[in-house]
Amino acid sequence: MEINCLSQSRETKSIFEGIPKHIVAIAIAIAITYCFGWLVKNWNTGFVTEKVKISSHYLESNLFWIEPALAIVLIIIFHIITRLVRRSKKGGMAIASGMFFYSPNHDKGSIEKGEKFLREKSIECSPIYTMGATGWNTFSDKSSPLYTSLESCHEAQIILFSPISNNLEKRAQDVNQDANEYRNEICKSINYLTALRTKGVIPERIKLKVYNSYPGWKYIFIQPYVWVQYYSPNHHVKNTPVYMYENVPNGIYRHLLDQFLKRWNSHWLCPYNFDNKKIEFIDKDGKIYKQESIEQLLIDAIK
């Protein structure tokens, strides 16, 4: 299954962002060049030779502390260069894998930066594939980054945490949230998807499946990008690091997409039937062997 989307280029930094650093570097280069030129022209003048004698006398008189200080400076420079080389290698590996964005999500500003990218890049993207927990902060709340995108999206395949999962109370407890409130967020997302199906010409453009296991990874695919986060047992996913990858040759994007589609087609996921409001359990042959109604949960979520 291929993803088709309007052509979108990678978000680039402003061309003015690096100007202050460049100006400083140019100024230092000019100053060094000027000083070197002046010394070359005046190296045998009385002024220069006198300063050299004074400097030589000062160095000879203070070798006991200048030598250790110089050694320390050289060690520090060596460590800085070593670290820069390591970072350069790691940066090269990250670029080769397609990673172009990382955020620790430790503050409001970094969280909003990533969500802004999702909001802007997903507007004209179709289809959208996403796997998460409640979906509330991803697409069903009006302030969520994919809220508008799903309305215009021609196809969406969505995987959510099952509202009747035995692991739901454990997850709610881990993020210090009431279990009923956590369940209601899932049901609100399902109600939102149901409403979207009635707006479109083709209701089947919105597909939903749920899983019963404890949440693991969060994926959002908006061609040619994928958003990746880990559901830490101790933190809300909104506050865990974000990694974004672009679809590049031999990168990780294609592998992650294959994993998503493999899971989507797995019998371990339970399709949600929007017509009868039931979660369907299927066997390895794709046959339904059990159905669970969540209609009352959906009604309670609206209240």
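User: What is the strand order of the open sheet of 10 strands, and how do I read the pairing?

Analyst: Strands of a sheet pair through backbone hydrogen bonds, either parallel or antiparallel. Here the order is β1-β7-β6-β5-β2-β3-β4-β8-β9-β10, with mixed pairing. Strands are DSSP runs (E, at least two residues), numbered from the N terminus, as are helices (H or I, at least four). Two strands pair if DSSP finds at least two bridges between them. The edge strands, β1 (99–103) and β10 (288–293), each pair on one side only. The twist averages 20° from one strand to the next; axes are lines fitted to C-alpha atoms, for helices over the stretch in contact, and angles run from 0 to 180 degrees between N-to-C directions.

This is a predicted model: local features need pLDDT of at least 70, side-chain atom pairs count only at pLDDT 80 or more, and totals for chains, interfaces and linings use all residues. Residues are numbered from 1 along each chain as its sequence is written, and side-chain values use heavy atoms, without hydrogens and water.

User: How many bridges join β5 to β6?

Analyst: β5 (residues 217–222) and β6 (residues 225–230) run antiparallel, joined by 6 bridges. Phe221 has Val226 in β6 as its bridge partner.

User: Which strands do helices α4 and α8 touch?

Analyst: Contact means heavy atoms within 4.5 Å. Helix α4 (residues 108–121) packs on the sheet against β1, β5, β6 and β7 (242–246), its direction making about 145° with that of β6. Helix α8 (residues 179–199) touches β3 (156–161), β4 (206–211) and β8 (270–273), at about 160° to β4.
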